[in-house]
Amino acid sequence: MNGVVATSQPLAAQAGLEILQKGGNAIDAAIATAACLTVCEPTSNGIGGDAFALVWTKGKLHGLNASGRAPKNISIEKVKELGHDEMPKYGWIPVTVPGAPGAWVELSKRFGKLPLKEVLKQAITYAEEGYPVSPTLSRYWRKAFLQFSDELKGDEFKHWFDTFAPNGYAPSVGEVWKSQGHADTLRSIAETEGESFYRGEIAEKIAAFARETGGFITEEDLAAYKAEWVDPISINYRGYDVWEIPPNGQGIVALQALNILKGFEFTRKESLETYHKQIETMKLAYVDGYKHVTDPEHMRYTVRDILSDAYAKERRKLITTEACMPEPGEPSTGGTVYLATADKEGNMVSFIQSNYHGFGSGLVVPGTGIALQNRGNNFSLDANHVNALEGGKKTFHTIIPGFLTKGDQAVGPFGVMGGFMQPQGHVQVIMNSIDFGLHPQAALDAPRWQWIKGKTVEVEHRFPHHFAEALAFQGHDIRIAVETNNFGRGQIIWRNPDTGVMVAGTESRTDGAIAAW
């Protein structure tokens, strides 16, 4: 009843709980957990990544978009002159301005109770003194090390190996890893409330590294950055309001899918009709997202257009008993770690943070522990595409926190991280909870599916085989995945408004943990 922290790494969850026990609120706990995750799960996020948050406090939901913009002096022409026909995954070209430190500062200043120095203390300690690497983390770390060893050959990448493979290999399970540079950077962010990162010593180091190794990001790009408070968007689904961050995030894809699905009646979770309609709906929502979602300043359709009931009705008509090849529609115009926290005062936070592809761009700013994200990989080099690369523009963004309310009461935060799996995970978790009555842990544990492209759908190896066969008979190209790492990792906290009792679920596909008080 006093507080809950749910995330993918036990030490980070405990760090958030410790902050609650010291008198901090759910917002302080979220910041502490997020900062710890940059140390304790660097395979998924870092100081050089982006973040988004949904914050429920005093009966109101607030949205924070802490995604970064492309450097001002980058362009499609410059990228093509460097020999690229599409955005590369590694190196400086896909690096955008990091937003995560800005998120921590904004959350702390507006809603936090404890000083940022206190909130970041545990993360600094783990970076400075080290911690034993957990099992799932070790597997992803080794995979990244092997991939980077094969693909990252330039001198600019040596600092990643110095930081994350100091002994010449990825740390194994139980091996202690630490990073003094990471600790120093976190301490500087805490002491200056983020000023050093965007307008001080750390900003100078990032920009100098870029100048020396062919990067685009400058001191001006960093100094211009500020996380943005935004109004969350929602649709009503069977009496509940499901909330997401508005574009440039892809949360609108999850909402559009639910808006289509609410026009059907589902009586059983385990049925061919349920799975088929979920998959077909997801396809239609996703191809719309790919075509229409980007920096809101550049979108050709509004959120209202895409989430209108009339447009959902038109898209719903396209769903038959056969698997379709999805095509984007044209709405009628009109008017990547995830954590959840809650405290006894009723404050609740849905928070997500990511470097995008694992460790990100493969670039680490020397001596700082800052692994720079590769979020710009999502930009298009087609000048006519809505998400075309432009200097100073935000790209279509995959990381999305979710939140559920009913009437004027908070039900709680939920999320499933994992690239383009995220809206698909949101839809499955929400339907598991609302349509099929599963409690948080069961809603997360249920076998997942993921639409890939065209008619291709991946299912987990635990997915019922007879339904996989039946879906294949209906025209789906079903692929059974051996590993579960592509199906996202989620957390849920639901709160009973009458008793104040909180119930949580954590991800069984990783080293997930719930710390409760």
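**Lysine 58**

I started with lysine 58, which I found in the loop between strand E2 (50-57) and strand E3 (60-66). Helices (H or I, at least four residues) and strands (E, at least two) are DSSP runs, numbered from the N terminus. This is a predicted model, where local features need pLDDT of at least 70 and side-chain atom pairs count only at pLDDT 80 or more, while totals for chains, interfaces and linings use all residues. Residues are numbered from 1 along each chain as its sequence is written, and side-chain values use heavy atoms, with hydrogens and water left out.

I looked up phi for lysine 58: near 50°, a positive value in a residue other than glycine. Is lysine 58 buried or exposed? Lysine 58 is exposed, at a relative accessible area of 85%. (Buried means under 20% relative accessible area, exposed over 50%, partly exposed in between, with a 1.4 Å probe and protein chains only.)

Next I went to arginine 238, in the loop between E7 and E8. Its phi is near 55°, again positive in a residue other than glycine. Arginine 238 counts as partly exposed, with 30% relative accessibility.

I then checked the strands on both sides of that loop. E7 and strand E8 (residues 240-244) run antiparallel and are joined by five bridges; two strands pair if DSSP finds at least two bridges between them. I noted one partner: isoleucine 233 bridges to glutamate 244 in E8.

**The six-stranded sheet**

What is the strand order of the open sheet with six strands? I read E7-E8-E13-E14-E18-E19, with antiparallel pairing. Strand E7 (233-237) and strand E19 (502-506) are the edges, each pairing on one side only. From one strand to the next, the twist averages 20°.

**H13 on H17**

I looked for helices on this sheet. H13 lies across E7 and E8, at about 20° to E7. H17 lies across E7, E8, strand E13 (402-406), strand E14 (409-417) and strand E18 (489-495), and runs at about 135° to E14. For these angles, axes are lines fitted to C-alpha atoms, for helices over the stretch in contact, and angles run from 0 to 180 degrees between N-to-C directions.

How do the two helices pack, and at what angle? Helix H13 (residues 251-261) packs on helix H17 (residues 422-434) at about 40°, the axes being 8 Å apart. That angle is why I call H13 oblique to H17: under 35 degrees counts as roughly parallel, over 145 as roughly antiparallel, 65 to 115 as roughly perpendicular and the rest as oblique.

I listed the contact (heavy atoms within 4.5 Å). H13 brings Val253, Ala254, Ala257, Leu258 and Leu261, and H17 brings Pro423, His426, Val427, Ile430 and Met431. By class I get nine nonpolar, one polar and no charged residues. (Ala, Val, Leu, Ile, Met, Phe, Trp, Tyr, Cys and Pro count as nonpolar, Asp, Glu, Lys and Arg as charged, and the others, Gly among them, as polar.)

**The three-stranded sheet**

Last stop: an open sheet of three strands, in the order E15-E16-E17, with mixed pairing. Strand E15 (449-453) and strand E17 (477-481) are its edges, each pairing on one side only. The twist here averages 30° from one strand to the next.

Four bridges pair E15 with strand E16 (residues 456-460) in the antiparallel sense. Which residue in E16 is the bridge partner of lysine 453? I found threonine 456. Helix H14 (residues 272-292) lies across E15 and E16, at about 45° to E15.
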